[in-house]
Amino acid sequence: MERVLSVESLVTRFGAQVVHDGVSFGVERGEVLALIGGSGSGKSVLLREIIGLVRPTAGRIELLGTDVWQSEPYAMDELRGHFGVLFQDGALFSSLTVAENVAVPFVEHTDLPRDLIAPLVGFKLALVGLPPDAGAKFPAQLSGGMRKRAALARALALEPDLLFLDEPTSGLDPVGAREFYRLLRALADSLGLTVFFLTHDLDMLVAIADRVIALAAGRVIADGSVAAVRKSEDPWLQEYFASRA
Amino acid sequence: MQENLPTSASWIERKVEDDSDVLYLTGVWRLANVAAISGRLRELGLHARTRFVLDGSKLETLDTAAGFILLRHLADVGCTQAMVSARGFDARYQRLLELVHERMTTPPSAAHSGHQGLLPRVGATVFAVVRMLKMHVDFVGVVMLELLSLVRRPGRFRAKETVSQFEAVCIDAVPIVALVNFLIGVVIAYVLGVQAQRYGATLFVADGIALGICRELSPILSSVLVAGRSGAAFTAQIGTMKVEDEIDAISTLGLSPIQVLVIPRLVALMVALPLLVFVGDAAGIAGGLLVGNWQLDIAPQVFMDRVHAALELRHFVIGIAKAPVFAVVVAIIACGMGLQVSRDARSLGQNTTSTVVQCIVWVIILDAAFAVAFQRMRI
């Protein structure tokens with residue numbers, strides 16, 4: 001097993017407010033890992049720190065062998081080609097069509113000729129289950145589920161080793177959500193992806209997560225398989241898993 | 001992290017075994033090498049006459065992009081699924097190829113956000129302008145109806161919001177309006193003075209300043225400044241609220257977005273702009289007076305006497321009276337454009353730009369119309 005992400009005694013403070021108070025965990029290649037926690041438990045901040053958007057107060061984050069906060073900018077640029085991020089509402093560029101959105105990573109980070117990019121973009125859209133005519137549409141013309149799929153296609157464009165997702169099923173109806181996380185699991189299995197996602201969605205957690213990390217009061221309160229975490233004594237986790245039978 | 005070295009520059013070794021074509025995939029089949037792989041595939045000149053066997057035993061890595069390029073090429077040369085088989089692949093890559101094959105059957109789409117020809121663009125623009133004019137007329141009607149309903153129920157008028165808007169559009173704008181009009185007064189007095197000196201008629205600079213500033217320049221300049229300052233702000237504020245669904249929230253709470261958002265801004269601007277024009281008048285005349293004193297040796301007392309003699313009340317009133325009309329134009333366009341913002345980042349920017357341009361153009365068109373009309377009426 002190869003460790004692709006390790007977080008060591010991470011501390012984050014915003015003024016007097018302590019968000020993380022010594023968070024540590026590691027992620028092995030090929031794992032599908034869920035990060036859960038109540039609203040305000042610092043999940044999103046942790047994700048932003050891992051992908052290099054918010055600087056932690058102290059601690060170490062190593063992603064694919066690169067220290068995210070100690071490396072030279074060029075090392076981070078190199079690293080960015082190896083992970084994809086799906087933001088909560090997709091974060092597609094609203095002034096570009098879906099096909100152009102997916103083409104952005106190809107155009108910016110590869111030297112592929114245009115006549116190769118076009119079919120690759122079409123394939124990526126098909127890979128995430130979008131109909132062929134979706135490519136010509138603007139993000140505002142798509143439903144929430146289709147926007148997420150298009151954003152997933154963009155996140156997968158450069159064949160990342162790691163995929164980060166922020167609330168991948170929020171705003172989707174239960175049927176759409178189920179389709180979406182099944183697609184994720186299928187892609188993770190076929191592509192050998194490591195998937196790290198934040199969620200409140202218990203169904204998704206049970207259906208696809210290999211491992212769950214629960215965050216509360218700035219610390220990791222549980223780390224293990226869904227079954228193991230479910231047995232935890234922690235009152236918040238008990239309440240969380242009791243919310244659906 | 002990634003072994004990008006082209007361990008084998010050939011990517012594919014082709015051998016004929018039994019009666020089938022065996023393609024040994026070699027090396028690192030990753031996105032970075034897709035262009036080279038694609039070139040190599042074309043170079044091989046495959047034909048769909050025989051069965052193909054894909055052998056993955058010499059493969060180092062494979063990703064979906066490379067897999068897609070391979071399978072697409074085979075499909076392009078006419079291979080059906082029955083004609084291609086795979087062997088020797090790592091279980092992971094086997095699954096990956098199956099996934100690629102399953103998904104690639106949908107034809108690729110590659111559309112660009114249009115580059116239209118000149119004629120369609122001209123046509124589309126004309127229709128867009130006509131639509132926009134119609135929308136403004138509609139909006140004037142809507143605002144009038146809401147105003148009438150306010151007259152019947154004056155208790156619903158939002159005085160507090162109106163006052164806070166007044167502060168933003170009037171009080172906060174005083175320095176910039178005063179500065180711009182003052183400088184214009186200085187410039188005009190200077191240019192006029194140089195000409196007037198030749199005829200020994202320097203005193204008439206005061207007439208020119210008083211008339212020009214009060215009747216035309218201050219109303220126009222103040223309105224243009226307000227269009228750029230407050231018009232853009234109205235569109236951006238209301239547009240952002242639209243994007244965040246706040247407008248819908250106002251409606252569902254049983255309030256009228258027009259009464260809550262538009263009418264306070266409209267009223268505030270109608271009160272504010274005449275006052276700003278007055279500030280502009282004073283600042284412009286002060287600018288002229290300063291240049292008259294320093295450059296043209298006109299004593300301030302004499303300059304002001306001339307201003308009193310030349311500036312009949314009607315000129316001053318015409319200048320001030322145009323201001324509320326301009327205010328209505330700016331407020332209606334700015335609020336209307338704000339409510340038209342759609343849910344994307346580009347639309348907000350486009351509408352804000354469009355507001356400023358439309359407001360300035362309309363202010364100038366209306367001012368020209370006023371100038372002609374007043375001339376005909378001999379006032």
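I began with the contact between the chains: 31 residues of chain B are in contact with 34 residues of chain A. I note that the model is a predicted one. On the chain B side, I listed the elements that give two or more residues and found α1 (34-44), α2 (64-76), α3 (91-104) and α12 (345-376) of chain B. Of these, α3(B) gives the most, with six residues. I then sorted the chain B residues that touch chain A by type and recorded 15 nonpolar, seven polar and nine charged.

**Confidence**

I looked up the scores of the model and noted ipTM 0.76 and pTM 0.68. For chain B the average pLDDT is 87, and 95% of the residues score at least 70. I marked residues 1-8 of chain B, where the pLDDT is below 50. Beyond near neighbours in sequence, this stretch has 13 contacts in the model.

I next looked for β4 (residues 58-63) of chain A, which pairs with β1(A) in the antiparallel sense over five bridges. Here L5(A) stands opposite L63(A) in β4(A).

**The six-stranded sheet of chain A**

I traced an open sheet of six strands in the order β6-β7-β8-β3-β9-β10 (chain A) and noted mixed pairing. At its edges stand β6 (83-86) and β10 (219-224) of chain A; each has a single partner strand, so one side of each is left without a neighbour in the sheet. Direction ignored, I recorded that neighbouring strands of this sheet are turned by 15 degrees against each other on average.

I examined the pairing of β10(A) with β9 (residues 211-216) of chain A and found the antiparallel sense, over five bridges. In this pairing, A214(A) has A222(A) in β10(A) as its bridge partner.

**Nonpolar cores**

I looked up the largest nonpolar core, which has 100 residues. Those with the most contacts inside it are V102(A), V121(A), A150(A), A153(A), F164(A) and A66(B). I noted that helix α4 (residues 114-127) of chain A gives the most to this core, with eight residues. A second, separate core has 62 residues, including A210(B), A227(B), F234(B) and A334(B).

Methods
Residues are numbered from 1 along each chain as its sequence is written. Chains are lettered from A and ligands numbered from 1 in the order in which they are written. This is a predicted model: local features need pLDDT of at least 70, side-chain atom pairs count only at pLDDT 80 or more; totals for chains, interfaces and linings use all residues. Two residues are in contact if their C-beta atoms, placed from the backbone, lie within 7 Å. Helices (H or I, at least four residues) and strands (E, at least two) are DSSP runs, numbered from the N terminus. Ala, Val, Leu, Ile, Met, Phe, Trp, Tyr, Cys and Pro count as nonpolar, Asp, Glu, Lys and Arg as charged, and the others, Gly among them, as polar. Two strands pair if DSSP finds at least two bridges between them. Axes are lines fitted to C-alpha atoms, for helices over the stretch in contact, and angles run from 0 to 180 degrees between N-to-C directions. A nonpolar core is a set of buried Ala, Val, Leu, Ile, Met, Phe, Trp, Tyr and Cys residues joined through C-beta atoms within 7 Å. A residue is buried if 20 or more other C-beta atoms lie within 10 Å of its own, exposed if 12 or fewer, and partly exposed in between; C-beta atoms are placed from the backbone. pLDDT is the predictor's confidence in each residue, from 0 to 100.
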